[in-house]
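This report describes selected local features of one protein model. The sequence and the structure are shown first.

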Amino acid sequence: MSSVPRLVIAAPSSGSGKTTVATGLMAAFAARGLAVSPHKVGPDYIDPGYHALATGRVGRNLDAYLCGPELIAPLFLHGARGCDLAVVEGVMGLYDGAAGEGELASTAQVAKLLRAPVVLVVDASSQSRSVAALVHGFASWDPGVRVGGVILNKVASDRHEELLREALESAGVPVLGALRRAVPVETPSRHLGLVPVAERQSAAVEAVRAMAALVSRGCDLDALEALARTAGQVPGGSAPWTPIPTRSADKQAPVVAVAGGPAFSFSYAEHTELLAAAGAEVVTFDPLHDEQLPEETAGLVIGGGFPEVYAGELSANEPLRKAVAGLAERGAPVAAECAGLLYLCRELDGQPMCGVLDATARMTERLTLGYRDAVAVGDSVLAVAGTRMRGHEFHRTVVEPGAGAAPAWGVRTPVRRVEGFVQQGVHASYLHTHWASEPGVARRFVERCRTS
């Protein structure tokens, strides 16, 4: 288990083709009959959806900032149970991490924590011999990072490929693939990145199929698999992370409704696993179409997504909006992150929402993005006052006011401020958090579901 073959797919910078190569490799290996474990470095929710399509397994995140470096190997092993091979897609450039934190949360750090060979995806569209200097620099920058091969992307012709391969012979890093410059695989983007799988369905399936075909034609899959098998043991003698069951046999299993569907497609798989381990019966529903909450709902979790894209449809589902407001009024536990926060406001871009919070939300041109250090300002259904967690913000909306009379978090980065809302059983905030870093959050939430 701790020696599962693995590769980290990295690049010198964003936009080099990591997602296309990583997703295509996952699908190509799966087509060979391998059970492939898909992973993504960082807090990204969208790429793991494409990874899941490619492999038939849940896409999982490895974020050393949100969860701490000590959980990277255990979370990796948890996701890779029963797999023949794992592919980890990096984030940004190989050595880019949390701002001002050195290597923390970088692809390079995760590769070292997993002792995994790195495959560097290089956009070769505007260079020939210079590619050798680029690859040499990345391969030699940190002796703890093993760059085991290069995949050249956007290669113009056979002659161009010949020049690139000739140059790279001096760098001592083997070329494991060359992808021709072609019409890009159709993966449309908008204000926060790729359009999620939940919104594309059949088009996303076709996109993944096209990525697999592109990678299969242009890459040496045998050599890539052989490189993955050189990884050896995951260091530190790590055991797989496990959501430890805490439910007593004599306690009921409260129903925890979890929002899903196209408008609320952002979640970490470990959250529902922790809720179930804490004794909850987790039921997913779609706020775009379901007019009522699941039967006997005792608590509600509304994660991230794109409610701004579906504001009209969410507003038109008045029965569900009233059901959510009624649940909150009764004091039931409600945990809302980012998209969930917007849905609980009075209105979003002028469209009526649930009205649980006395606040309004609207789209802006400004992107708010970054990691955050946070501390619980007071007691809530998720945490006791003083609990410290790390979170991530990623949105182009603003909520006014930004905090209620009882804020959810005191945030220390990038500036000191309070943020979010705590009222009765509601905890609503822009911060995305990873509950594996603080399993007590799920246990506390489920216990409140039993007693509220």
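## Second largest pocket

The second largest pocket is lined by 41 residues, and those nearest its centre are Phe264, Ser265, Phe266, Ser267 and Tyr268. A pocket here is an open set of points on a 1 Å grid over the protein atoms alone, with protein on both sides within 12 Å along at least five of seven lines, and lining residues have an atom within 4 Å of a point. The volume of this second largest pocket is about 810 Å³, a volume being the space filled by probe spheres set on points joined across faces, edges and corners.

At least two lining residues each come from α2, α7 (197-200), β10, α10, β12, β13, β21 (426-429) and β22 (432-433); helices (H or I, at least four residues) and strands (E, at least two) are DSSP runs numbered from the N terminus. Helix α10 gives the largest share of this lining, four residues.

## Basis of the model

The model is predicted: local features need pLDDT of at least 70, side-chain atom pairs count only at pLDDT 80 or more, and totals for chains, interfaces and linings use all residues. Residues are numbered from 1 along each chain as its sequence is written, and side-chain values use heavy atoms, with hydrogens and water left out.

## Aromatic pairs

Seven aromatic pairs are present in the structure. In one of them, the ring centres of Tyr45 and Tyr268 are 4.6 Å apart and the planes meet at 25 degrees, so the pair is stacked. Rings of Phe, Tyr and Trp (its six-membered ring) pair if their centres lie within 6.5 Å, and planes under 30 degrees apart count as stacked, over 60 as edge-to-face and the rest as tilted.

This pair links distant parts of the chain, 223 residues apart: Tyr45 belongs to the loop between β2 (36-41) and α2 (47-55), and Tyr268 to the loop between β10 (255-259) and α10 (269-277). Tyr45 and Tyr268 are both buried, where buried means under 20% relative accessible area, exposed over 50% and partly exposed in between (1.4 Å probe, protein chains only). One aromatic cluster is formed by Tyr45, Phe266, Tyr268 and Phe306.

## Helix α14

Helix α14 spans residues 440-451, twelve in number, and reaches 16 Å from its first C-alpha to its last, close to the 16 Å expected at 1.5 Å a residue; the expected span is 1.5 Å times one less than the number of residues. Its buried residues are Val441, Ala442, Phe445, Val446, Cys449 and Arg450. They pack against β10, α10, β12 (297-302), β13 (334-337) and β17 (388-400), contact meaning heavy atoms within 4.5 Å.

## Loop residues

Val356 is in the loop between β15 (351-352) and β16 (360-376), and counts as buried at 12% relative accessibility. Leaving aside residues up to four places away in sequence, Val356 touches Val324, Ala325, Ala328, Leu344, Gln423 and Val426.

Two residues other than glycine have positive phi values. Glu296, with phi of about 60 degrees, lies in the loop between β11 (281-285) and β12 and counts as exposed at 70% relative accessibility. Asp349, with phi near 50 degrees, lies in the loop between β14 (347-348) and β15 and is partly exposed, with a relative accessible area of 38%. A cis peptide bond joins Glu400 and Pro401, with omega of about -5 degrees, and Pro401 is placed in the loop between β17 and β18 (409-411).

Definitions and conventions
1 Å grid on protein atoms, 1.4 Å probe; cavity = no way out; pocket = protein on both sides within 12 Å on 5 of 7 lines; lining within 4 Å.
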